[in-house]
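The following note sets out some points for a colleague who has the model open. Please read the numbered paragraphs alongside the structure.

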Amino acid sequence: MARSSACRRILETEYSDDLDQLFALGGSSGGARPKILTTIDGEDWIIKFPSSYDSKDVGKQEYELSLLVRECGIAFPESRLFESKTCGGYFGVKRFDRVCKGEEGSNKVFMVSAGALLETSHRIPDLEYETLFRLTAALTESMQDIEQLYRLMCFNVLVGNRDDHSKNFSYLHGDQTGWALSPAYDITVNPGVYGEHATTVNGKGKSILLEDLVEVGASAGLSRTKARRIAEGMRARVEAAGYLASA
């Protein structure tokens, strides 16, 4: 019972000492980095810890990217950087696939990844952004979601998030609202396999130019003028924040 009570206190607190202790004593809960699922102010959150391959500032970096991605007009859930005495901080994000019901807990929102819908493995780099745009158009019939996906594609390329595989794009379904592209998630700086994106842009896994982004955006239904304005504006923001990746 003492151990159970200690775990409960850790999971219900935001203090860095407890998170450091949990990180030191815990193991991986799946995924590339160890994490915990917890409740903060009645909402469901995920808090990530550095893996053995990460720098100690990886949490701070992911938090900064979460702020930057919102500045670039991309939907992203509420995020926080939890203090730590052993590293740059732990990245936490509120779950968008849960709806808080107060004292009744929370309800799940139906979510499915592009990988599941297309029946493709995230371990095999066989996806194109053009395919994602066609899937999004067929499911959502929304140009707003098409633009969101375009912005996300641009952001992944601009910051060097090459871990853009089929499980990192998802769709939510509501009884009243139907299908919609989910908010962005797992936004990190990642070198990818052999320096290439898991999802190709205009047939390219690397050396992707702004013209490639515009070409894909135009083929998805955006005007070339708008696609270029979005890409150039995002590039300026990412560069100003110090996160612009080399092609």
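1. Ser207 lies in the loop between strand S11 (199-200) and H7; helices (H or I, at least four residues) and strands (E, at least two) are DSSP runs, numbered from the N terminus. Although Ser207 is not a glycine, its phi is positive, about 55°. Ser207 is partly exposed, with a relative accessible area of 42%; the scale used is buried under 20%, exposed over 50% and partly exposed in between (1.4 Å probe, protein chains only).

2. This is a predicted model, in which local features need pLDDT of at least 70 and side-chain atom pairs count only at pLDDT 80 or more, while totals for chains, interfaces and linings use all residues. Residues are numbered from 1 along each chain as its sequence is written, and side-chain values use heavy atoms, with hydrogens and water left out.

3. Glu119 sits in the loop between helix H4 (114-118) and strand S8 (127-128), and it is exposed, with a relative accessible area of 76%. For context, most residues other than glycine have a negative phi.

4. Three strands make up an open, antiparallel sheet in the order S7-S9-S10; two strands pair if DSSP finds at least two bridges between them. Strand S7 (110-113) and strand S10 (178-181) are the edge strands, each pairing on one side only. On average, neighbouring strands of this sheet are turned by 25° against each other, direction ignored; the axes are lines fitted to C-alpha atoms, and angles run from 0 to 180 degrees between N-to-C directions.

5. Within the sheet, strand S9 (residues 170-174) and S10 run antiparallel and are joined by four bridges. His173 stands opposite Trp179 in S10.

6. Which residues touch the most other members of the largest nonpolar core? They are Phe133, Tyr150 and Phe155, in a core of 43 residues. Such a core is a set of buried Ala, Val, Leu, Ile, Met, Phe, Trp, Tyr and Cys residues joined through side-chain atoms within 4.5 Å. Elements giving two or more residues to this core include helix H3 (58-71), strand S4 (90-94) and helix H6 (143-159). H6 supplies the largest share, 10 residues.

7. Leaving aside neighbours within four places in sequence, Phe155 is in contact (heavy atoms within 4.5 Å) with residues including Leu65, Leu68, Ile187 and Met234. A second, separate core of eight residues includes Ile36, Trp45, Ile47 and Phe49.
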